[in-house]
Amino acid sequence: ETVLIPGFAMTGIGAGSLIKVLFSYRSTEFVPMTVAGMLKKIKVSSVRPVPVKIRGRIIGRGVPGLIWSEDIVIRDNTGYIFLDYRQPIRIIEFLFGLFRTERFIGQEVECTGWYRRAPVPYIEIKNVVEKGNTHTCWVYAVKLAVSAIAIIVGVALLLCGAVM
């Protein structure tokens, strides 16, 4: 009886988290788009993104002059947009910004991610391919894994409570 309530709670939290992740990271197909094509999309928010793939040249950092800015700006022949580089652990973002972002500037890349609108339109990066090298952001995968682990732990607690 003592593990049933935490078991139900953990299972519910994991299931709710999984539903939220699957809703806010729709990734069935990443459609090739241009910046202008993305900006024409109306039903876009930070909760309802559009999975996209874009090709273009990196023209600078997300915060110009900030040497540890991990975010970058991409330009294609129709405009430019901010690329949000996120990792589950912030120190990875800091190190990427400090040591790797500079080499992206001026390079042609292909970015796969989720086009979102907050106050400003941006793409949350899933991965960026530059000179054949793929750089992956792991936030989506970690959120899925944490949700699955919460469900498994919750079910294990329920099974332990049922056995007792």
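Okay, let me start with one arginine. Arg57 has a relative accessible area of 34%, so it counts as partly exposed. Keep in mind that what we have on screen is a predicted model. What does Arg57 pair with? Its side chain meets that of Glu108 in a salt bridge, 3.0 Å from N to O. These two come from distant parts of the chain: Arg57 sits in strand S2, residues 50-61, while Glu108 is in strand S5, residues 108-117, and they are 51 residues apart. Glu108 is partly exposed as well, at 46% relative accessibility.

Now stay on S2 and go to Arg61. Here the partner is Glu102, and the N to O distance is 3.3 Å. Again the pair links distant parts of the chain, with Arg61 in strand S2 and Glu102 in helix H4, residues 101-104, which puts them 41 residues apart. So is Arg61 buried or exposed? Arg61 is buried, because its relative accessible area is 12% and the cut-off for buried is under 20%. Glu102, on the other hand, is partly exposed at 48%.

Helix H4 gives us another one. The side chains of Arg103 and Glu130 form a salt bridge at 3.9 Å, N to O. Arg103 is in helix H4 and Glu130 is in strand S6, 27 residues apart, so to speak another link between distant parts of the chain. Which end of this pair is buried? Glu130, with a relative accessible area of 3%. Arg103 is partly exposed, at 37%.

In total, the structure holds eight salt bridges.

If you read along the sequence, the order is α-β-α-β-β-β-α-α-β-β-β-α. The radius of gyration is 19 Å, well over the 15 Å that the globule rule gives for 164 residues, so this protein is more spread out than a compact globule. You can see that in the C-alpha trace too, which spans about 65 × 35 × 30 Å along its principal axes.

Some whole-protein numbers. Of the 164 residues, 38% count as buried. The accessible surface comes to about 9500 Å², and carbon and sulfur atoms own 67% of that. As for contacts with a separation of 6 or more, 61% are between residues 24 or more positions apart.

On to the inside. In soluble globular proteins, nonpolar side chains tend to be buried together. In our model, the largest nonpolar core has 22 residues, and Met38, Leu83, Tyr115 and Ile123 are those with the most contacts inside it. Who supplies it? Helix H2 (35-39), S2, strand S3 (72-76), strand S4 (79-84), S5 and S6 each put in at least two residues. The top contributor is S2, the strand we began with, giving four residues.

Leaving out residues up to four places away in sequence, Ile123 touches a whole list, including Met38, Val52, Ile54, Ile81, Leu83, Cys111, Trp114 and Tyr115. There is also a second, separate core of six residues, and among them are Val21, Tyr25, Phe30 and Val139.

Leu98 counts as partly exposed because its relative accessibility is 30%.

One last stop, and it's a backbone one. Most residues other than glycine have a negative phi. Lys131 has a positive one, near 50°. Where is Lys131? In the loop between strand S6 (121-130) and strand S7 (133-136). Is Lys131 buried or exposed? Lys131 counts as exposed, because its relative accessibility is 63%.

Conventions:
Residues are numbered from 1 along each chain as its sequence is written. This is a predicted model: local features need pLDDT of at least 70, side-chain atom pairs count only at pLDDT 80 or more; totals for chains, interfaces and linings use all residues. Side-chain values use heavy atoms; hydrogens and water are left out. Buried means under 20% relative accessible area, exposed over 50%, partly exposed in between (1.4 Å probe, protein chains only). The radius of gyration is taken over C-alpha atoms; the globule rule is 2.2 Å times the number of residues to the power 0.38. Contact means heavy atoms within 4.5 Å. Accessible areas come from the Shrake-Rupley method with a 1.4 Å probe; for residues, only the protein chains shown count as cover. A salt bridge is a side-chain nitrogen of Lys or Arg within 4 Å of a carboxyl oxygen of Asp or Glu. A nonpolar core is a set of buried Ala, Val, Leu, Ile, Met, Phe, Trp, Tyr and Cys residues joined through side-chain atoms within 4.5 Å.
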